[in-house]
Amino acid sequence: GLDALSDSIMTDVYISYCKNDVPDREDSDHTLHVQRLMRSLEGEGYKCDARDYQQDYSLGNIALEMKQARVIVIMLSDNYEQDENCRAEFSHAYELLKKPIILAVIGKTNNWTKTNLGFLVSSMLYVDFSNMELYNEKLDEIVDQVEKKTHKKVQHLQRADCFISYCWKNSANACELGTAQYVKSNNCIMEFRFAVTTLRLPAVVVIVGTGYKWQYSEVGMLGANLPMFNLQSNDSEISSEKLITFITEKLSTLSNPDNDLTTTSSIGNDSKLFNRSTQFQEILELAQRNLIRQISSVTNKISTSYPRLFVIDWNNKQQDTNAESTTSESSKIYVLKMLCEHEEGWHYPQNGNAFLFSGGVQQMRLLVKNTAKYLFRIMSVMKHNSTGFNSLAHSDDDLFEYVASAAKSSDLNFGLNFTSFTSFLDEVGINNFGLSRTHLPNGKVLWLCNEHKNVKHLTFDNIESDLSQKQVKSNNRTDGSRPQMAAKSDPKTKFAAAALTVATTQSLPKKSN
(Lines give C-alpha, C1' and ligand atoms only; values in the text may rest on other atoms or scores of the structure.)
Protein backbone atom coordinates (compact mmCIF):
# COMPACT_ATOMS: atom_id res chain seq x y z
CA GLY A 1 0.00 0.00 0.00
CA LEU A 2 2.77 2.47 0.86
CA ASP A 3 4.68 1.64 -2.31
CA ALA A 4 1.54 1.95 -4.44
CA LEU A 5 0.61 5.33 -2.96
CA SER A 6 4.18 6.53 -3.36
CA ASP A 7 4.11 5.59 -7.05
CA SER A 8 0.77 7.35 -7.50
CA ILE A 9 2.09 10.71 -6.29
CA MET A 10 5.49 10.46 -7.94
CA THR A 11 6.17 12.19 -11.23
CA ASP A 12 8.76 10.91 -13.64
CA VAL A 13 10.26 14.25 -14.62
CA TYR A 14 10.49 17.68 -13.01
CA ILE A 15 11.65 20.37 -15.43
CA SER A 16 13.55 23.30 -13.93
CA TYR A 17 13.71 26.33 -16.22
CA CYS A 18 14.13 30.12 -16.20
CA LYS A 19 11.10 32.27 -17.02
CA ASN A 20 13.31 34.61 -19.06
CA ASP A 21 13.97 31.75 -21.50
CA VAL A 22 10.29 31.10 -22.32
CA PRO A 23 9.51 32.26 -25.89
CA ASP A 24 6.21 33.83 -26.91
CA ARG A 25 5.08 30.78 -28.85
CA GLU A 26 5.27 27.14 -27.84
CA ASP A 27 6.36 26.12 -31.35
CA SER A 28 9.15 28.70 -31.50
CA ASP A 29 11.89 27.96 -34.00
CA HIS A 30 14.51 29.80 -31.95
CA THR A 31 14.26 28.58 -28.34
CA LEU A 32 12.88 25.45 -26.69
CA HIS A 33 9.63 26.17 -24.83
CA VAL A 34 9.20 24.28 -21.55
CA GLN A 35 5.63 23.42 -22.51
CA ARG A 36 6.75 21.84 -25.76
CA LEU A 37 9.26 19.65 -23.95
CA MET A 38 6.64 18.66 -21.37
CA ARG A 39 4.09 17.70 -24.03
CA SER A 40 6.70 15.67 -25.90
CA LEU A 41 7.73 13.73 -22.80
CA GLU A 42 4.11 13.21 -21.77
CA GLY A 43 3.46 11.92 -25.28
CA GLU A 44 6.13 9.32 -24.60
CA GLY A 45 4.24 8.22 -21.48
CA TYR A 46 6.13 10.09 -18.72
CA LYS A 47 4.44 12.17 -16.04
CA CYS A 48 5.96 15.64 -15.94
CA ASP A 49 5.80 18.70 -13.71
CA ALA A 50 7.34 22.17 -13.66
CA ARG A 51 7.05 25.44 -11.84
CA ASP A 52 4.35 27.87 -13.00
CA TYR A 53 5.82 31.36 -12.74
CA GLN A 54 2.36 32.89 -13.16
CA GLN A 55 1.33 31.53 -9.77
CA ASP A 56 2.62 32.58 -6.35
CA TYR A 57 4.61 29.43 -5.68
CA SER A 58 6.26 28.90 -2.32
CA LEU A 59 9.72 27.39 -2.06
CA GLY A 60 8.15 24.59 -0.04
CA ASN A 61 5.90 23.58 -2.94
CA ILE A 62 8.79 23.65 -5.38
CA ALA A 63 10.94 21.52 -3.07
CA LEU A 64 8.08 19.03 -2.65
CA GLU A 65 7.52 18.71 -6.40
CA MET A 66 11.22 18.16 -6.97
CA LYS A 67 11.36 15.54 -4.22
CA GLN A 68 8.46 13.65 -5.78
CA ALA A 69 10.17 13.45 -9.18
CA ARG A 70 12.35 10.56 -10.25
CA VAL A 71 14.61 12.70 -12.43
CA ILE A 72 15.26 16.44 -12.83
CA VAL A 73 15.66 18.02 -16.27
CA ILE A 74 17.57 21.31 -16.14
CA MET A 75 16.94 23.66 -19.09
CA LEU A 76 20.36 25.23 -18.75
CA SER A 77 21.17 28.64 -20.20
CA ASP A 78 22.93 31.87 -19.29
CA ASN A 79 19.63 33.20 -17.97
CA TYR A 80 19.23 30.10 -15.80
CA GLU A 81 22.70 30.49 -14.29
CA GLN A 82 22.11 34.19 -13.58
CA ASP A 83 18.76 33.59 -11.83
CA GLU A 84 19.14 33.10 -8.07
CA ASN A 85 15.98 30.97 -7.76
CA CYS A 86 17.09 28.70 -10.60
CA ARG A 87 20.49 28.17 -9.01
CA ALA A 88 18.73 27.35 -5.73
CA GLU A 89 16.57 24.73 -7.51
CA PHE A 90 19.68 23.14 -9.03
CA SER A 91 21.50 23.14 -5.70
CA HIS A 92 18.50 21.54 -3.97
CA ALA A 93 18.28 18.74 -6.56
CA TYR A 94 22.02 18.16 -6.86
CA GLU A 95 23.33 18.53 -3.31
CA LEU A 96 20.39 17.70 -1.03
CA LEU A 97 18.01 15.42 -2.94
CA LYS A 98 20.84 13.84 -4.97
CA LYS A 99 18.42 13.34 -7.83
CA PRO A 100 19.52 12.11 -11.26
CA ILE A 101 19.96 15.21 -13.43
CA ILE A 102 19.60 15.60 -17.20
CA LEU A 103 20.92 18.77 -18.80
CA ALA A 104 19.02 20.28 -21.72
CA VAL A 105 21.16 23.18 -22.93
CA ILE A 106 19.22 25.97 -24.65
CA GLY A 107 20.09 29.42 -26.00
CA LYS A 108 22.75 30.65 -28.39
CA THR A 109 25.44 31.52 -25.82
CA ASN A 110 27.25 29.39 -23.26
CA ASN A 111 28.78 31.81 -20.76
CA TRP A 112 27.38 29.57 -18.01
CA THR A 113 30.27 27.16 -18.66
CA LYS A 114 32.65 29.65 -17.00
CA THR A 115 30.70 29.87 -13.74
CA ASN A 116 30.48 27.80 -10.55
CA LEU A 117 27.41 26.06 -11.93
CA GLY A 118 29.33 25.22 -15.08
CA PHE A 119 32.09 23.69 -12.95
CA LEU A 120 29.59 21.48 -11.07
CA VAL A 121 28.08 20.08 -14.28
CA SER A 122 31.34 19.89 -16.23
CA SER A 123 31.43 16.08 -16.09
CA MET A 124 27.75 15.60 -16.99
CA LEU A 125 26.53 14.74 -20.46
CA TYR A 126 24.09 17.22 -21.92
CA VAL A 127 21.61 17.43 -24.79
CA ASP A 128 22.06 20.50 -26.98
CA PHE A 129 18.77 22.14 -27.98
CA SER A 130 20.37 25.32 -29.37
CA ASN A 131 19.41 24.28 -32.91
CA MET A 132 15.65 23.73 -32.95
CA GLU A 133 15.79 22.21 -36.43
CA LEU A 134 17.22 19.12 -34.72
CA TYR A 135 14.46 19.01 -32.08
CA ASN A 136 13.20 15.51 -32.88
CA GLU A 137 16.69 14.01 -32.79
CA LYS A 138 17.50 15.75 -29.51
CA LEU A 139 14.17 14.71 -28.02
CA ASP A 140 15.10 11.08 -28.67
CA GLU A 141 18.30 11.64 -26.66
CA ILE A 142 16.33 13.14 -23.75
CA VAL A 143 13.82 10.28 -23.79
CA ASP A 144 16.68 7.76 -23.80
CA GLN A 145 18.25 9.39 -20.74
CA VAL A 146 14.90 9.66 -18.93
CA GLU A 147 14.28 5.96 -19.53
CA LYS A 148 17.71 5.04 -18.14
CA LYS A 149 17.59 7.29 -15.09
CA THR A 150 13.97 6.55 -14.12
CA HIS A 151 14.42 2.82 -14.84
CA LYS A 152 11.00 3.02 -16.45
CA LYS A 153 10.36 1.69 -19.92
CA VAL A 154 7.07 3.06 -21.20
CA GLN A 155 4.85 0.75 -23.21
CA HIS A 156 3.35 2.71 -26.07
CA LEU A 157 -0.24 1.67 -26.53
CA GLN A 158 -2.25 2.64 -29.58
CA ARG A 159 -4.92 5.05 -28.45
CA ALA A 160 -8.21 5.33 -30.32
CA ASP A 161 -10.16 8.56 -30.57
CA CYS A 162 -13.45 6.87 -29.83
CA PHE A 163 -14.44 3.66 -28.04
CA ILE A 164 -17.82 2.07 -28.82
CA SER A 165 -19.34 0.04 -26.03
CA TYR A 166 -21.95 -2.45 -27.21
CA CYS A 167 -23.41 -5.85 -26.41
CA TRP A 168 -21.59 -8.43 -28.53
CA LYS A 169 -24.45 -10.94 -28.40
CA ASN A 170 -26.59 -8.81 -30.65
CA SER A 171 -23.90 -6.84 -32.49
CA ALA A 172 -25.09 -8.07 -35.88
CA ASN A 173 -28.66 -6.85 -35.39
CA ALA A 174 -28.39 -4.41 -32.50
CA CYS A 175 -30.79 -1.91 -34.03
CA GLU A 176 -33.53 -4.53 -34.19
CA LEU A 177 -33.01 -5.98 -30.71
CA GLY A 178 -32.53 -2.59 -29.07
CA THR A 179 -30.75 -1.06 -26.09
CA ALA A 180 -32.50 -3.44 -23.69
CA GLN A 181 -29.94 -6.15 -24.50
CA TYR A 182 -27.12 -3.81 -23.47
CA VAL A 183 -28.50 -3.15 -19.98
CA LYS A 184 -28.98 -6.89 -19.41
CA SER A 185 -25.26 -7.54 -19.80
CA ASN A 186 -23.16 -7.22 -16.64
CA ASN A 187 -20.03 -6.59 -18.71
CA CYS A 188 -21.69 -3.76 -20.62
CA ILE A 189 -22.92 -2.15 -17.42
CA MET A 190 -19.42 -2.42 -15.97
CA GLU A 191 -17.93 -0.75 -19.06
CA PHE A 192 -20.46 2.09 -18.87
CA ARG A 193 -20.00 2.61 -15.14
CA PHE A 194 -16.19 2.62 -15.44
CA ALA A 195 -16.18 5.17 -18.28
CA VAL A 196 -18.70 7.54 -16.69
CA THR A 197 -17.99 7.38 -12.95
CA THR A 198 -14.32 6.35 -12.73
CA LEU A 199 -12.59 7.69 -15.84
CA ARG A 200 -15.12 10.51 -16.26
CA LEU A 201 -14.66 10.43 -20.02
CA PRO A 202 -16.97 12.35 -22.35
CA ALA A 203 -19.75 9.87 -23.20
CA VAL A 204 -22.67 9.78 -25.60
CA VAL A 205 -25.74 7.53 -25.35
CA VAL A 206 -27.02 6.16 -28.66
CA ILE A 207 -30.53 4.69 -28.40
CA VAL A 208 -31.34 1.82 -30.80
CA GLY A 209 -34.15 -0.69 -31.21
CA THR A 210 -37.70 -0.12 -29.99
CA GLY A 211 -37.56 -0.62 -26.24
CA TYR A 212 -37.55 2.04 -23.53
CA LYS A 213 -37.27 0.05 -20.29
CA TRP A 214 -33.50 0.64 -20.28
CA GLN A 215 -34.28 4.14 -18.96
CA TYR A 216 -35.13 2.61 -15.57
CA SER A 217 -31.84 0.70 -15.33
CA GLU A 218 -28.50 1.76 -13.85
CA VAL A 219 -27.35 2.82 -17.31
CA GLY A 220 -30.42 5.03 -17.67
CA MET A 221 -29.83 6.73 -14.33
CA LEU A 222 -26.09 7.24 -14.85
CA GLY A 223 -26.63 8.53 -18.37
CA ALA A 224 -29.59 10.79 -17.62
CA ASN A 225 -27.51 13.96 -18.05
CA LEU A 226 -25.44 12.74 -21.00
CA PRO A 227 -26.00 13.75 -24.64
CA MET A 228 -28.41 11.30 -26.30
CA PHE A 229 -29.07 10.50 -29.97
CA ASN A 230 -32.18 8.48 -30.74
CA LEU A 231 -31.84 6.14 -33.70
CA GLN A 232 -35.23 4.55 -33.03
CA SER A 233 -37.21 7.20 -34.93
CA ASN A 234 -37.92 7.40 -38.64
CA ASP A 235 -35.33 10.14 -39.14
CA SER A 236 -32.50 7.97 -37.83
CA GLU A 237 -30.29 8.97 -40.77
CA ILE A 238 -30.49 12.60 -39.71
CA SER A 239 -29.76 11.61 -36.12
CA SER A 240 -26.75 9.59 -37.31
CA GLU A 241 -25.35 12.61 -39.12
CA LYS A 242 -25.86 14.76 -36.01
CA LEU A 243 -24.11 12.11 -33.92
CA ILE A 244 -21.08 12.07 -36.22
CA THR A 245 -20.92 15.86 -36.25
CA PHE A 246 -21.16 16.03 -32.46
CA ILE A 247 -18.35 13.47 -31.95
CA THR A 248 -16.12 15.19 -34.52
CA GLU A 249 -16.53 18.56 -32.84
CA LYS A 250 -15.95 17.05 -29.40
CA LEU A 251 -12.73 15.36 -30.49
CA SER A 252 -11.55 18.58 -32.08
CA THR A 253 -12.09 20.45 -28.80
CA LEU A 254 -10.26 17.81 -26.76
CA SER A 255 -7.26 17.62 -29.10
CA ASN A 256 -6.67 21.39 -29.11
CA PRO A 257 -6.28 22.55 -25.48
CA ASP A 258 -5.33 26.12 -24.70
CA ASN A 259 -1.58 26.59 -24.90
CA ASP A 260 -1.50 28.98 -21.97
CA LEU A 261 0.58 27.72 -19.06
CA THR A 262 -2.12 28.70 -16.57
CA THR A 263 -4.64 26.28 -18.06
CA THR A 264 -2.34 23.28 -18.26
CA SER A 265 -3.20 20.64 -15.72
CA SER A 266 0.41 19.43 -15.60
CA ILE A 267 1.68 22.63 -14.02
CA GLY A 268 0.73 24.23 -10.75
CA ASN A 269 -1.98 21.87 -9.56
CA ASP A 270 -1.54 22.94 -5.94
CA SER A 271 -4.65 21.46 -4.31
CA LYS A 272 -4.24 17.95 -5.75
CA LEU A 273 -0.56 17.96 -4.91
CA PHE A 274 -1.26 19.02 -1.34
CA ASN A 275 -4.04 16.47 -0.83
CA ARG A 276 -2.06 13.55 -2.23
CA SER A 277 1.07 14.52 -0.32
CA THR A 278 -0.86 14.89 2.93
CA GLN A 279 -2.46 11.47 2.47
CA PHE A 280 0.91 9.89 1.75
CA GLN A 281 2.55 11.61 4.74
CA GLU A 282 -0.17 10.32 7.07
CA ILE A 283 0.30 6.74 5.85
CA LEU A 284 4.09 7.07 6.10
CA GLU A 285 3.83 8.28 9.71
CA LEU A 286 1.49 5.39 10.48
CA ALA A 287 3.99 2.91 9.03
CA GLN A 288 6.73 4.46 11.14
CA ARG A 289 4.67 4.28 14.32
CA ASN A 290 3.81 0.62 13.68
CA LEU A 291 7.45 -0.28 13.09
CA ILE A 292 8.75 1.66 16.11
CA ARG A 293 6.12 -0.11 18.23
CA GLN A 294 7.43 -3.48 17.04
CA ILE A 295 11.02 -2.37 17.61
CA SER A 296 10.17 -1.13 21.11
CA SER A 297 8.66 -4.49 22.01
CA VAL A 298 12.04 -6.04 21.24
CA THR A 299 14.42 -3.39 22.59
CA ASN A 300 12.51 -3.00 25.89
CA LYS A 301 13.61 -6.54 26.76
CA ILE A 302 17.26 -5.68 26.16
CA SER A 303 19.33 -3.46 28.42
CA THR A 304 20.99 -1.03 26.02
CA SER A 305 21.97 2.64 25.80
CA TYR A 306 22.06 2.78 22.01
CA PRO A 307 19.63 4.39 19.52
CA ARG A 308 17.39 1.98 17.66
CA LEU A 309 17.21 3.24 14.08
CA PHE A 310 20.10 3.19 11.64
CA VAL A 311 20.73 3.19 7.90
CA ILE A 312 23.78 2.13 5.94
CA ASP A 313 24.60 4.64 3.23
CA TRP A 314 27.41 5.29 0.78
CA ASN A 315 29.32 8.28 -0.51
CA ASN A 316 31.32 8.54 -3.70
CA LYS A 317 35.08 8.74 -3.40
CA GLN A 318 34.81 11.21 -6.27
CA GLN A 319 33.09 14.56 -5.78
CA ASP A 320 30.62 14.25 -8.67
CA THR A 321 27.57 12.52 -7.17
CA ASN A 322 25.81 12.45 -10.57
CA ALA A 323 28.57 10.79 -12.57
CA GLU A 324 27.68 7.46 -14.13
CA SER A 325 31.18 6.08 -13.52
CA THR A 326 30.98 6.22 -9.72
CA THR A 327 28.46 3.46 -9.16
CA SER A 328 30.86 0.53 -8.72
CA GLU A 329 31.51 -0.92 -5.28
CA SER A 330 35.17 0.12 -5.37
CA SER A 331 34.22 3.78 -5.85
CA LYS A 332 32.03 3.94 -2.73
CA ILE A 333 32.73 4.68 0.91
CA TYR A 334 30.20 3.03 3.25
CA VAL A 335 28.95 4.81 6.36
CA LEU A 336 26.56 4.11 9.25
CA LYS A 337 23.97 6.80 10.02
CA MET A 338 21.79 6.91 13.13
CA LEU A 339 18.27 8.33 12.76
CA CYS A 340 16.15 10.70 14.81
CA GLU A 341 12.87 8.97 15.78
CA HIS A 342 10.65 12.08 15.63
CA GLU A 343 7.01 11.01 15.18
CA GLU A 344 6.41 13.30 12.21
CA GLY A 345 9.19 11.70 10.23
CA TRP A 346 12.42 9.79 10.85
CA HIS A 347 15.46 11.56 9.50
CA TYR A 348 19.21 11.87 9.64
CA PRO A 349 20.04 14.82 11.95
CA GLN A 350 21.35 17.93 10.27
CA ASN A 351 24.50 17.80 12.41
CA GLY A 352 24.58 14.03 12.71
CA ASN A 353 27.72 11.91 12.64
CA ALA A 354 28.26 9.46 9.79
CA PHE A 355 30.46 6.60 11.04
CA LEU A 356 32.86 5.28 8.46
CA PHE A 357 33.41 1.52 8.14
CA SER A 358 37.16 1.44 8.59
CA GLY A 359 37.07 -2.24 7.69
CA GLY A 360 35.63 -1.33 4.30
CA VAL A 361 33.14 -3.41 2.39
CA GLN A 362 33.83 -6.59 4.38
CA GLN A 363 32.98 -4.92 7.70
CA MET A 364 29.83 -3.42 6.18
CA ARG A 365 28.73 -6.84 4.89
CA LEU A 366 29.25 -8.33 8.35
CA LEU A 367 26.83 -5.83 9.83
CA VAL A 368 24.27 -6.34 7.07
CA LYS A 369 24.43 -10.12 7.41
CA ASN A 370 23.67 -10.09 11.14
CA THR A 371 21.05 -7.31 11.06
CA ALA A 372 19.45 -7.88 7.64
CA LYS A 373 15.76 -8.25 8.58
CA TYR A 374 15.89 -5.39 11.07
CA LEU A 375 17.82 -3.08 8.73
CA PHE A 376 15.66 -3.88 5.70
CA ARG A 377 12.45 -2.95 7.53
CA ILE A 378 13.91 0.44 8.47
CA MET A 379 15.31 1.13 4.99
CA SER A 380 12.03 0.08 3.34
CA VAL A 381 10.23 2.81 5.26
CA MET A 382 13.02 5.37 4.90
CA LYS A 383 13.21 5.02 1.13
CA HIS A 384 9.95 6.99 0.97
CA ASN A 385 11.66 9.83 2.83
CA SER A 386 15.09 9.39 1.31
CA THR A 387 16.40 12.96 1.35
CA GLY A 388 20.19 12.84 1.71
CA PHE A 389 20.63 9.05 1.35
CA ASN A 390 22.37 7.71 -1.75
CA SER A 391 21.44 4.13 -0.90
CA LEU A 392 17.72 5.02 -0.83
CA ALA A 393 17.53 7.40 -3.78
CA HIS A 394 16.66 4.51 -6.12
CA SER A 395 14.83 1.30 -5.31
CA ASP A 396 17.35 -0.71 -7.36
CA ASP A 397 20.45 0.68 -5.66
CA ASP A 398 23.11 -2.01 -5.25
CA LEU A 399 23.28 -1.64 -1.48
CA PHE A 400 19.50 -1.62 -1.01
CA GLU A 401 19.17 -4.75 -3.15
CA TYR A 402 21.95 -6.42 -1.19
CA VAL A 403 20.20 -5.70 2.12
CA ALA A 404 16.90 -6.98 0.70
CA SER A 405 18.54 -10.18 -0.51
CA ALA A 406 20.27 -10.72 2.83
CA ALA A 407 17.00 -10.20 4.71
CA LYS A 408 15.24 -12.76 2.53
CA SER A 409 17.85 -15.44 3.20
CA SER A 410 18.53 -14.62 6.88
CA ASP A 411 17.60 -17.12 9.60
CA LEU A 412 18.03 -14.61 12.43
CA ASN A 413 14.91 -13.11 13.98
CA PHE A 414 14.17 -9.46 14.69
CA GLY A 415 15.45 -9.57 18.27
CA LEU A 416 18.74 -11.24 17.40
CA ASN A 417 19.26 -8.67 14.66
CA PHE A 418 19.06 -5.81 17.14
CA THR A 419 21.31 -7.65 19.62
CA SER A 420 23.88 -8.05 16.83
CA PHE A 421 23.62 -4.33 16.09
CA THR A 422 24.32 -3.33 19.70
CA SER A 423 27.19 -5.83 19.84
CA PHE A 424 28.68 -4.19 16.78
CA LEU A 425 28.46 -0.75 18.40
CA ASP A 426 30.09 -2.12 21.54
CA GLU A 427 32.99 -3.55 19.57
CA VAL A 428 33.73 -0.55 17.38
CA GLY A 429 33.22 1.95 20.22
CA ILE A 430 30.70 4.23 18.51
CA ASN A 431 28.66 6.37 20.89
CA ASN A 432 28.64 10.01 19.76
CA PHE A 433 25.33 9.77 17.94
CA GLY A 434 24.06 13.35 18.11
CA LEU A 435 20.83 11.96 19.60
CA SER A 436 19.33 12.01 23.10
CA ARG A 437 17.12 9.40 24.73
CA THR A 438 13.95 11.39 25.46
CA HIS A 439 10.85 10.66 27.56
CA LEU A 440 7.65 12.03 26.03
CA PRO A 441 4.66 13.14 28.16
CA ASN A 442 2.66 10.16 26.83
CA GLY A 443 5.21 7.74 28.29
CA LYS A 444 7.00 6.89 25.06
CA VAL A 445 10.77 6.92 24.84
CA LEU A 446 12.32 8.18 21.61
CA TRP A 447 15.84 9.05 20.48
CA LEU A 448 15.63 12.65 19.20
CA CYS A 449 18.04 15.07 17.57
CA ASN A 450 18.90 18.44 19.09
CA GLU A 451 16.23 20.20 17.02
CA HIS A 452 13.33 18.01 18.15
CA LYS A 453 14.37 17.47 21.74
CA ASN A 454 14.17 21.20 22.48
CA VAL A 455 10.45 21.05 23.20
CA LYS A 456 8.76 21.80 26.51
CA HIS A 457 7.72 18.98 28.85
CA LEU A 458 10.34 16.51 27.60
CA THR A 459 12.68 14.63 29.93
CA PHE A 460 16.15 13.45 28.95
CA ASP A 461 18.26 10.55 30.14
CA ASN A 462 21.89 11.24 30.97
CA ILE A 463 23.06 8.20 29.02
CA GLU A 464 23.60 9.85 25.68
CA SER A 465 25.05 13.11 26.96
CA ASP A 466 27.69 11.33 29.09
CA LEU A 467 28.71 9.07 26.22
CA SER A 468 28.80 11.99 23.80
CA GLN A 469 31.11 14.04 26.02
CA LYS A 470 33.50 11.15 26.48
CA GLN A 471 33.56 10.49 22.77
CA VAL A 472 34.12 14.13 21.89
CA LYS A 473 37.06 14.36 24.30
CA SER A 474 38.61 11.14 23.07
CA ASN A 475 38.33 12.15 19.43
CA ASN A 476 39.45 15.75 20.14
CA ARG A 477 37.66 16.93 17.01
CA THR A 478 35.50 19.93 16.22
CA ASP A 479 34.21 19.20 12.73
CA GLY A 480 31.01 17.16 13.27
CA SER A 481 30.41 16.82 9.52
CA ARG A 482 33.31 14.45 8.91
CA PRO A 483 32.64 10.71 9.29
CA GLN A 484 33.95 9.04 12.43
CA MET A 485 35.87 5.84 11.98
CA ALA A 486 34.26 2.62 13.08
CA ALA A 487 37.08 0.43 14.39
CA LYS A 488 37.89 -2.72 12.48
CA SER A 489 36.12 -5.74 13.90
CA ASP A 490 38.37 -8.56 15.07
CA PRO A 491 37.06 -11.76 13.44
CA LYS A 492 37.46 -13.46 16.83
CA THR A 493 34.88 -11.21 18.52
CA LYS A 494 31.33 -12.39 19.11
CA PHE A 495 29.87 -10.23 16.35
CA ALA A 496 32.30 -10.77 13.53
CA ALA A 497 32.81 -14.50 14.01
CA ALA A 498 29.11 -15.21 13.51
CA ALA A 499 29.08 -14.05 9.91
CA LEU A 500 32.65 -13.91 8.65
CA THR A 501 32.49 -17.16 6.68
CA VAL A 502 29.28 -16.29 4.87
CA ALA A 503 29.90 -12.57 4.37
CA THR A 504 33.33 -12.89 2.83
CA THR A 505 31.90 -15.10 0.09
CA GLN A 506 29.27 -12.56 -0.86
CA SER A 507 29.52 -9.23 -2.60
CA LEU A 508 27.19 -6.51 -3.71
CA PRO A 509 25.27 -7.36 -6.89
CA LYS A 510 26.77 -5.88 -10.02
CA LYS A 511 24.65 -3.70 -12.27
CA SER A 512 24.06 -4.98 -15.73
CA ASN A 513 24.91 -2.50 -18.44
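Guide: Happy to. The sulfur of Cys86 lies 4.3 Å from the closest cysteine sulfur, in Cys18, which is too far for a bond. A disulfide here is a pair of cysteine sulfur atoms within 2.5 Å.

Visitor: How many disulfides does the structure hold?

Guide: Zero disulfides. Keep in mind that this is a predicted model, where local features need pLDDT of at least 70, side-chain atom pairs count only at pLDDT 80 or more, and totals for chains, interfaces and linings use all residues. Residues are numbered from 1 along each chain as its sequence is written, and side-chain values use heavy atoms, with hydrogens and water left out.

Visitor: Is Cys86 buried or exposed?

Guide: Cys86 is buried, at a relative accessible area of 0%. Buried means under 20% relative accessible area, exposed means over 50%, and partly exposed is in between (1.4 Å probe, protein chains only). Cys162 has 43% relative accessibility, so it counts as partly exposed.

Visitor: And what share of the residues in the chain count as buried?

Guide: Of the 513 residues of the protein chain, 45% do.

Visitor: How many helices and strands are there?

Guide: The protein chain has 19 helices and 14 strands. Both are DSSP runs numbered from the N terminus, with helices (H or I) of at least four residues and strands (E) of at least two. As for contacts, meaning heavy atoms within 4.5 Å, residues 24 or more positions apart account for 72% of those in the protein chain with a separation of 6 or more.

Visitor: Let's do helix packing. At what angle do H14 and H16 cross?

Guide: Roughly 140°, and the axes of H14 (residues 360-382) and H16 (residues 414-428) come within 8 Å. Axes are lines fitted to C-alpha atoms, for helices over the stretch in contact, and angles run from 0 to 180 degrees between N-to-C directions. H14 and H16 are therefore oblique to each other. Angles under 35 degrees count as roughly parallel, over 145 as roughly antiparallel, 65 to 115 as roughly perpendicular, and the rest as oblique.

Visitor: Which residues of H14 and H16 meet?

Guide: On the H14 side, they include Gln363, Leu367 and Arg377, and on the H16 side, Phe414, Phe418 and Phe421 are among them. By class, that contact of H14 with H16 has nine nonpolar, five polar and two charged residues. Ala, Val, Leu, Ile, Met, Phe, Trp, Tyr, Cys and Pro count as nonpolar, Asp, Glu, Lys and Arg as charged, and the others, Gly among them, as polar.

Visitor: How do H14 and H15 cross?

Guide: The axes of H14 and H15 (residues 398-409) come within 8 Å and cross at roughly 95°. H14 and H15 are therefore roughly perpendicular to each other. Met364, Val368 and Phe376 are among the H14 residues in this contact, and H15 residues there include Leu399, Phe400 and Tyr402. By class, the contact of H14 with H15 has 13 nonpolar, two polar and three charged residues.

Visitor: Is Phe400 buried or exposed?

Guide: Phe400 is buried, with a relative accessible area of 7%.

Visitor: One last thing: what is the phi of Lys98?

Guide: Lys98 has a positive phi of about 55°, although it is not a glycine. Most residues other than glycine have a negative phi. Lys98 lies in the loop between H5 and strand S4 (101-105), and it counts as partly exposed at 22% relative accessibility.
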